[in-house]
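Visitor: Hello! Could you walk me through this structure, one question at a time?

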Amino acid sequence: GFYYQLASQVNGASFRNSRLAPNTIATLFARGGSFTDTTATFSSLPLPKELADIQVLLNERPASLFFVRPGQINFFVPADAPTSGN
């Protein structure tokens, strides 16, 4: 496993709000590095929990991924994600 702590999360629609809400698309941007060496996009439904050997965990559970590139990950915030806390 690899933990990448230098990332900024934003709402995937506006790229402005750093707060994430259930049932929304979110984006992680790498800060000072990269997540991967490749670019990958989902090709079928249901959305994969891993793309380009990348997995995003929310409350210890893998999130569904749309897109991964060296400096960006787009993922779906699950419906049961907490609405408060870190």
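Visitor: How many helices and strands does the protein have?
Guide: Helices (H or I, at least four residues) and strands (E, at least two) are DSSP runs, numbered from the N terminus. From that end, the elements run β-β-β-β-β-β-β. The count is zero helices and seven strands.

Visitor: What kind of model is this, and how are residues numbered?
Guide: This is a predicted model, where local features need pLDDT of at least 70 and side-chain atom pairs count only at pLDDT 80 or more, while totals for chains, interfaces and linings use all residues. Side-chain values use heavy atoms, with hydrogens and water left out, and residues are numbered along each chain as its sequence is written, from 1.

Visitor: What share of the residues count as buried?
Guide: Buried means under 20% relative accessible area, exposed over 50%, and partly exposed in between (1.4 Å probe, protein chains only). Of the 86 residues of the protein, the buried share is 29%.

Visitor: Which residue forms a salt bridge with Asp80?
Guide: A salt bridge needs a side-chain nitrogen of Lys or Arg within 4 Å of a carboxyl oxygen of Asp or Glu, and by this rule the count comes to one. Asp80 lies in the segment after strand S7 (72-76) and its partner in strand S5 (residues 61-62), so the pair ties together parts that are 19 residues apart in sequence. The closest N and O atoms are 2.5 Å apart, and the partner is Arg61.

Visitor: Is Arg61 buried or partly exposed?
Guide: Its relative accessible area is 44%, so Arg61 is partly exposed.

Visitor: Which residues form the aromatic pair?
Guide: Rings of Phe, Tyr and Trp (its six-membered ring) pair if their centres lie within 6.5 Å; planes under 30 degrees apart count as stacked, over 60 as edge-to-face and the rest as tilted. The structure holds one such pair, which is edge-to-face at 5.8 Å centre to centre and 80° between the planes: Phe42 and Phe66.

Visitor: Where in the chain do Phe42 and Phe66 lie?
Guide: The pair links distant parts of the chain, 24 residues apart. Phe42 is in the loop between strand S3 (40-41) and strand S4 (57-58), and Phe66 is in strand S6 (residues 64-69).

Visitor: How many bridges join S6 to S7?
Guide: Two strands pair if DSSP finds at least two bridges between them. S6 and S7 form a hairpin with two residues between them, and Leu65 stands opposite Phe75 in S7. These strands run antiparallel, and the bridges joining them number five.
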